[in-house]
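Please look through the sequence and the 3D structure below before reading on.

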Amino acid sequence: MKKTLFITLLVILIVGCTCQLPHYLPTPRPEETNEDEDYAVLGALLQYVASEASQYVLVDTSTTGFGFDNSSSDQFDYLSEQLPQLTRDMIDNWQAANTDAITWENEFDLGVPVVFISQDELDKLQDDVYWTGFHTQYPEVGGYFEISRPGFNETGDQALVYLSFFAGSLAAHGTFYLLSYENGVWQVVGEAMIWIS
C-alpha cells in the first residue's frame, strides 16, 4: 500500500513539474505566411518611401538583407534602440522569411507601374559612375529598390522589412522599417538606417 501510494505521488509530482516547464512556440515558417499580406505591407512601405513616384523600379527578386547577423548583439541592440517595439522573435521571423530569395510577382497595388529588373540588366545599365545607361532607360525615376519579405510578430499586426535604394555609385542606403497595422491599413512606425554611401 505504501509502495503504491509512493509511486502514485511520484507520478503526480513528475507530471506536475513537466506541465510547469515553459513551452516555446516555433517561429512560423515563411511558407505559412499570407503572400497577399506580404504585398500589402510592401506596397505601404514603397508608397511611404516614394509617395510621389510615377513608377517604381524594383529588383525582381527579394533581398535577404545587407549582412544582418542575428547573433550580433551590437546589431540587435542598435535595432532595438531605433525600433523600441521590435522583438527578437520578429527578427527571427524576418530571417526565416528571407533565408532564400524569391521572385516577385506583379502583385503590388501602388496605382503606378512597377518595373521589375534583373541583376544582369542592372549590371549592364550601371555602365559608369553616373549610371548614364540606367537614367537614360528610366528617366522618370531617381533609382531602384531592393526589398525583403516582411517578418511578422506573433499576432501578425507588426512587420519588419529591409529596403535599400540605389541612385548612383555613391548614392544609396539600406534601412529596416517597422510597420504596424492600424485602422485597417499598414503604416510605417519606425525606421533604422544601417548603412549609407
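What follows goes from the overall make-up to single elements and residues.

This is a predicted model, in which local features need pLDDT of at least 70, side-chain atom pairs count only at pLDDT 80 or more, and totals for chains, interfaces and linings use all residues. Residues are numbered from 1 along each chain as its sequence is written, and side-chain values use heavy atoms, with hydrogens and water left out.

The protein has six helices and seven strands. Helices (H or I, at least four residues) and strands (E, at least two) are DSSP runs, numbered from the N terminus. Along the sequence they come in the pattern α-α-β-α-α-β-α-α-β-β-β-β-β. Of the 197 residues in the protein, 40% are buried. Buried means under 20% relative accessible area, exposed over 50%, and partly exposed in between (1.4 Å probe, protein chains only). A contact means heavy atoms within 4.5 Å. Among contacts between residues at least 6 apart in sequence, 62% join residues at least 24 apart.

Start with helix α2, residues 35-49. Its 15 residues reach 21 Å from the first C-alpha to the last, close to the 21 Å expected at 1.5 Å a residue. The expected span is 1.5 Å times one less than the number of residues in the helix. The buried residues of α2 are D38, Y39, V41, L42, G43, A44, L45 and L46. What covers them includes β1 (56-59), β3 (144-147), β4 (151-152), β5 (158-168), β6 (171-182) and β7 (185-196).

Strand β1 is covered on both faces, with Y56 and L58 buried on one side and V57 and V59 buried on the other. Four bridges join β1 to strand β2 (residues 114-117), and the two run parallel. Two strands pair if DSSP finds at least two bridges between them. Within this pairing, V59 stands opposite I117 in β2.

L122 and V59 are 63 residues apart in sequence, yet their C-alpha atoms are 8.6 Å apart in space. Leaving aside neighbours within four places in sequence, L122 is in contact with V59, I117, F134 and Y144. L122 counts as buried because its relative accessible area is 0%.

In the loop between β1 and α3 (73-82) lies T63. Which residues does T63 touch, not counting those up to four places away in sequence? They are N98, E146, I147, S148 and Y162. T63 counts as buried because its relative accessibility is 11%.

Helix α3 holds L79. L79 is in contact with F68, L86, I91, F176, A192 and I194, leaving aside neighbours within four places in sequence. One of these, F176, is 97 residues from L79 along the chain, and the C-alpha atoms of the two are separated by 8.2 Å. L79 counts as buried because its relative accessibility is 1%.

The strands β5 and β6 run antiparallel and are joined by 10 bridges. A159 has L179 in β6 as its bridge partner. A hairpin joins β5 to β6 through two residues. Another pairing, between β6 and β7, is also antiparallel, over 10 bridges. Here S180 stands opposite Q187 in β7.

β6 and β7 form a hairpin with two residues between them, and N183 in the turn has a positive phi of about 50°. Most residues other than glycine have a negative phi. Is N183 buried or exposed? N183 counts as exposed because its relative accessibility is 79%.

Last, consider the space left between atoms. On a 1 Å grid over the protein atoms alone, a pocket is an open set of points where a 1.4 Å probe fits, with protein on both sides within 12 Å along at least five of seven lines, and lining residues have an atom within 4 Å of a point. The second largest pocket holds about 150 Å³ of space. It is lined by 16 residues, of which A50, A53, G143, F145 and F165 are the closest to its centre. The elements that give two or more residues to this lining are β1, β5 and β6. By class, the lining has 10 nonpolar, five polar and one charged residues.

Technical notes
Points joined across faces, edges and corners; volume = space filled by probe spheres on them. Nonpolar A, V, L, I, M, F, W, Y, C, P; charged D, E, K, R; others polar.
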